[in-house]
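Please read this briefing alongside the predicted model shown below.

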Amino acid sequence: MFEYRSFMIDSARHMQEPEDIKLIIDAMAKLGFNTFHWHLTEDQGWRFESEKYPVLNEKSAVREFSNFGKTHFDEPYGRVYNKDEMRDIVAYCSKRNIEVVPEFDMPGHTGALLASFPNLACREKDFKVKTHQGIFSDVLCPAKEEVYSVIFDLIDEFCEIFPGRYFHIGGDETPSRQWEDCPKCRALKYNLGLESWAEYQNHFMNRVIDYLESKGKHAIVWNDAAKGKNLDRRAVLQYWKEKDRPSIEFINGGGKAILSPFTYYYFDYDYSITPLNRTYSFNPRLRGLTDEGYGNIIGLEAPIWTEYIWDAEVMQKMLFPRIIAVSQTMKGEDKMPYREFVKYAKEKQKELGVAFEDEKEWTKPRIASVFGWSRFVKEHYTKEYINAAKNHEF
């Protein structure tokens, strides 16, 4: 059985009421999960109450409106989870032998943070909490010492609430455009003798990793960071970008990793894209891993992102029964045949106490899988968004 058996909920794009989170925690505990990865900061909202920097609780927590694809809400959205609510979730998990791993995403996906601290960017301007999905060029400036001062203060606050071994610091989807245009960043990169902007990002990540280690915490980073060869090997790599050679090399070279392959385990994707049988088919022995490398896989995690999910019942249906398939792979044992698993999932449905997707949706015909992504894009994304993405206009 894998040591690290995790599920992730994104509470930054859309929030969940604590009671709805607890319902999912109860079901996950029954399935043998022992880790809850809680995604609390993003471009579209800051969800962690800060006493040191109360401006975050108001200015960074609320976006002016929501325009995720073709879904538009005109009213302001968002708040923070207060410290009592977060402590309550941690205690609730602890009683069920589940560790909570908070994520404070950096140096990208920091649009909400920059709305309160524009001085932490390379070029100071009037930043707004983002109102739509995407990858944005607004990132933290690694050449400014005040960046680390604020980050470390906030990490200290996070650690007061979350006592577990692990702390997730993101590191994914960080455009280098602002750094390339920043004289301070160009000078620091040159002075450090770094060959690429990926290595420059890891200079930043390594400072944060080192600070966490000084507090007795192990950092987890998304596997985008493996592109820079200088990533501190004390970090645990979370593998979501598949067929990623630098990640395989990191793991084979002794780095620890968690597997979250997005075409199998990202449950915000419709069943027409990721049907139940596909999730069940995932083999953790990734192509290119040596036997020693496979031994460095500490576990698996299934994330659910919430750009398009704001309803508790919808979230449950997107998770169940697919996450039951993940729980079987986590055991590290020979799997039962798929037909037997389907019967097993039906039985579990009766005892977990959550909403399940209708059985006819579990495994779509192959033709649906082929065209599923195209249909998903048409249903969720506007033409304006697609064109902006193509032209990198974020």
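C93 is buried in this predicted model, because its relative accessible area of 0% falls under the 20% cut-off. C159 is likewise counted as buried, with a relative accessible area of 15%.

**Cysteines**
- A search through the whole structure returns 0 disulfides, and C93 accordingly takes part in none, the nearest cysteine sulfur being that of C159 at 17 Å.
- Seen from C159, the closest cysteine sulfur is the one in C93, and the separation of 17 Å is too far for a bond, because a disulfide requires the two sulfur atoms to lie within 2.5 Å.

**Helix α5**
- The 17 residues of α5 should span 24 Å at 1.5 Å a residue, and the end C-alpha atoms of α5 are 25 Å apart, which agrees with that expectation.

**Packing of α3 against α5**
- Helix α3, covering residues 83-94, and helix α5, covering residues 145-161, have axes that come within 9 Å and cross at roughly 50 degrees, and the two helices are therefore oblique to each other.
- On the α3 side the contact is made by K83, M86, R87 and V90, while α5 contributes E157, E160 and I161.
- By residue class, this contact of α3 with α5 comprises 3 nonpolar and 4 charged residues, with no polar ones.

Methods: Residues numbered from 1 in each chain as written. Predicted model: local features only at pLDDT ≥ 70, side-chain atom pairs only at ≥ 80, totals over all residues. Heavy atoms only, no water. Axes fitted to C-alpha atoms, helices over the stretch in contact; angles between N-to-C directions. Helix = DSSP H or I, 4+ residues; strand = E, 2+ residues; numbered from the N terminus. Parallel < 35°, antiparallel > 145°, perpendicular 65-115°, else oblique. Contact = heavy atoms within 4.5 Å. Nonpolar A, V, L, I, M, F, W, Y, C, P; charged D, E, K, R; others polar. Buried < 20%, exposed > 50% of the residue type's maximum accessible area, 1.4 Å probe, protein only. Expected span 1.5 Å × (residues − 1).
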